[in-house]
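Here is a briefing on one protein model. Keep the sequence and the structure in view while reading.

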Amino acid sequence: MHAILRIALWALAALLLLIAALLIAVATVDWNVARPWVSRKVVELTGRAFAIGGNLKVGYTLGLPTEPGWQRYVPRLRITGDNVRFANPAWASTGPDLLTARRVSVALHPLPLLKHRVVLSELIMDTPMLALERDAQGRRSWRLHDPDRPSPWRLEVLHSSFSNGDLVYVNRLLELDLRAKVTSLDDLNAKGPAGGQRFGLQFTATGTYRKASVNGSGKAGGLLAFTAEHAVFPIQAQALIGKNKAGIDGIINDPRAPAGLDLQLTLGGNSMSDLYPVTGVLLPQTPAYETRGRLIGTKNDGIWLWTYEKFTGRVGDSDLSGTAEYLPRQPKLPRPLLRGTITSQQLRLADLGPSVGAGAASGNARSQRRDKLLPDKQFRAERWAALDTDIAFKGKKIISNFAALQDVDTVIRMQDRVLNLAPLNFGLAGGKVTTNISLDGRHQPIAAQIKLAARQVKVRELFPKLKSMQASFGEINGDAALTGHGNSIAAMLGTANGEVGAVVSEGAVSKFILEAAGLNIANAIFAKVFGDKPVHLNCMVGDMVVNNGRADMRRFMLDTDDTRVDVAGGVDLSREQLDLDVRPKAKGVRIFSLRTPLYAKGTFAHPDIGPYKGPLAAKAAAAGALALLAPAAAVLPLVSMGDRRGNADDCALAMAKTAQTRAQPHSEPTAAPAKPVTQGDMEKPDKP
């Protein structure tokens, strides 16, 4: 037993001496002679060219404090090399090298080598330059082996750090090209976002995304995320992308081959049209905008699906909120699709710019159009092919140059350059209006069609700023169908064809308006001095046919207990010209009545309304002649005896004929016709 014990002790001592000799040899030998051998082994392990151009040293270190159990006490080989270069694949466009560094130091765990695992408990780099690229075919420059020929060796890195690094990241699939100055964060500065992931580096970056320039800074996860399977990569950054300010805070799943992201996104700029280089989505010229929400990206069969969830934002004086999804082009989807639900408490059409025909022209165009009221901003139908839409919109209040709309409810659908709003419901002047609109951008100019039904629109509320209308009440009910061709609202109306019919019945109207319309001077003055009283309205009927932009009156009659007014003529929508004859007829005795036909001429912007001079001069001449013969008789030509016969029959007949037009107003069809308005379409929209 003593002999066996002595042999065992001598063997142990010899082993210890051998280990000591090896340790001394490793620490003192000139390892530079082994650089070719090291390079060959790295090539075998990774399949890439590798070179150490400077000094190579080998020493010892212990494991990391974060390693479990006894393994942290196993000595590691500390291998340090200067001027290290590691090659890119031949197809890479970012240069010949994936990695260069002034110095690289690794702590190699020896025991995992027995299981074909290369475990680096620590990787430290001085002044590294790392170029990461993913090409249009999806190949990744940091993938070290052909996936069809996997290596028996696995590379694992437990901890890395570096200083004064340069990072190039190019992703051809995302059209992203970034150049960044990067520095590792120490533990005190490495706290991560709410998700609990830790930041490993901070950076300043420049480059391009799609067609927009990028300048920004922020924090992100460590480079080890690009070597680990299914890593979670935190990121927090602020950037100027083109003309837009952006901020993100969240995570990217598996950054080496991104499979998803979940970010809090803030975005703002001078106009939403500036987002086109970034998103590829055509948006209108608008006032300054800002938005905030949750951006979720998921990858499904190689296709990215984007959701902007529970966002809030402002455009000028308008507010928007909701959720939108963007689906890119795919085999079953010939064009990208934008869909979602959007609500607004207040929306100014002027904030949405020329996309809705809002806003005035600028420069010389504005001065040339100073006498025009109809919007003439051009729709860019050639851009409609870039995107389909399916957006449900609800708005509490929409403000335009003509009227304020309430409780707007519509679905905006664009498919293959055909834009439909069907139905578009909104409240107007205490009533409700329902329209079905179709704009066919497949043809030039655009083929437009509108079907409209208005119900219970209050006369008084329709003209809230006109004092003389405050004594008026009654409700307008009307129907219309129009078809036109053009690339602006003005052009569409200027070529319109169709029919319009409307009635107002069983209401009242301002007496002063009727007296002024009949030029009953004495009674008009009396009404202005002693107050304006409403008179009973038997009916008001309007029925027009529109042909090539000219709306001609088939019948227009306003009938009260005191007066009947007939209107003939028409309105030229293409030139915005008025050409109307107004013929009032008093139903009772009027003293000092200059009752005579009126005209309405001029333009929409500058109307010219007054009496025809011939009949008025004839009355004045007759009064003058009688004054010479008998002064008391001079007032006879100014006395109107009126006519009260046939009032009810006239109203009934006019309303019956107009009802035929309203029941089924006709306009010529288009290739993408607007559907007739149904009773279901006219149901009052829910408030947002």
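**Helix α2 and its packing**

The buried residues of α2 pack against β1 (50-52), β3 and β5 (117-126). Buried means under 20% relative accessible area, exposed over 50%, and partly exposed in between (1.4 Å probe, protein chains only). Contact means heavy atoms within 4.5 Å. Helices (H or I, at least four residues) and strands (E, at least two) are DSSP runs, numbered from the N terminus.

The model is predicted: local features need pLDDT of at least 70, side-chain atom pairs count only at pLDDT 80 or more, and totals for chains, interfaces and linings use all residues. Residues are numbered from 1 along each chain as its sequence is written, and side-chain values use heavy atoms, with hydrogens and water left out.

**More on α2**

- Helix α2 covers residues 35-46, 12 residues in total. From first C-alpha to last it reaches 16 Å, close to the 16 Å expected at 1.5 Å a residue. The expected span is 1.5 Å times one less than the number of residues.
- Ser39, Val42, Leu45 and Thr46 are the buried residues in α2. Seen down the helix axis, the buried residues of α2 fall within an arc of 125°, so they line one face. The arc is that of the directions from the helix axis to the C-beta atoms.
- An α-helix has 3.6 residues a turn, so residues three or four places apart point the same way.

**Overall make-up**

- The protein chain has 11 helices and 33 strands.
- Of its 688 residues, 43% are buried.
- Take the contacts between residues at least 6 apart in sequence: 54% of them join residues at least 24 apart.

**Strands β5 and β8**

- β5 and β8 run parallel, joined by four bridges. Two strands pair if DSSP finds at least two bridges between them.
- Leucine 123 stands opposite serine 160 in β8.
- Side chains alternate along β8 (residues 160-163). Ser160 and Phe162 point to one face and are buried.

**Asparagine 88**

- Asparagine 88 lies in the loop between β3 (76-87) and β4 (97-109). Its relative accessibility is 8%, so it counts as buried.
- The side chain of asparagine 88 reaches the backbone oxygen of glycine 95 at 3.1 Å. This is a polar contact: a pair of N or O atoms within 3.5 Å. Within protein, one atom must be able to donate a hydrogen and the other to accept it, and residues adjacent in sequence count only if both atoms are side-chain atoms.
- Beyond its neighbours within four places in sequence, asparagine 88 is in contact with Arg48, Thr94, Gly95, Pro96, Asp97, Leu98, Ala131 and Ser141.

**The disulfide**

- The structure holds one disulfide. The term covers a pair of cysteine sulfur atoms within 2.5 Å.
- Cysteine 539 is joined to cysteine 651, with S to S at 2.1 Å. The link is left-handed, with -85° about the S-S bond.
- Cysteine 539 lies in strand β28 (residues 534-547) and cysteine 651 in helix α11 (residues 647-663), so the pair ties together parts that are 112 residues apart in sequence.
- Both cysteine 539 and cysteine 651 are buried.

**Backbone exceptions**

- Most residues other than glycine have a negative phi, and most peptide bonds are trans.
- Asparagine 83, in strand β3, has a positive phi of about 55° although it is not a glycine. Asparagine 83 is partly exposed, with a relative accessible area of 45%.
- Glutamate 576 has a positive phi near 55°. Its place is the loop between β30 (563-572) and β31 (577-586). Glutamate 576 is buried, at 2% relative accessible area.
- A cis peptide bond, with omega about -10°, joins alanine 422 and proline 423. Proline 423 is in strand β23 (residues 418-428).
- From glutamine 444 to proline 445 the peptide bond is cis, with omega near 0°. Proline 445 lies in the loop between β24 (431-440) and β25 (447-458).

**Leucine 419**

- Leucine 419 is in strand β23 and counts as buried at 15% relative accessibility.
- Leucine 419 and glycine 441 are 22 residues apart in sequence and 7.6 Å apart in space, C-alpha to C-alpha.
- Not counting residues up to four places away in sequence, leucine 419 touches Trp384, Ile412, Arg413, Met414, Ile437, Ser438 and Leu439.
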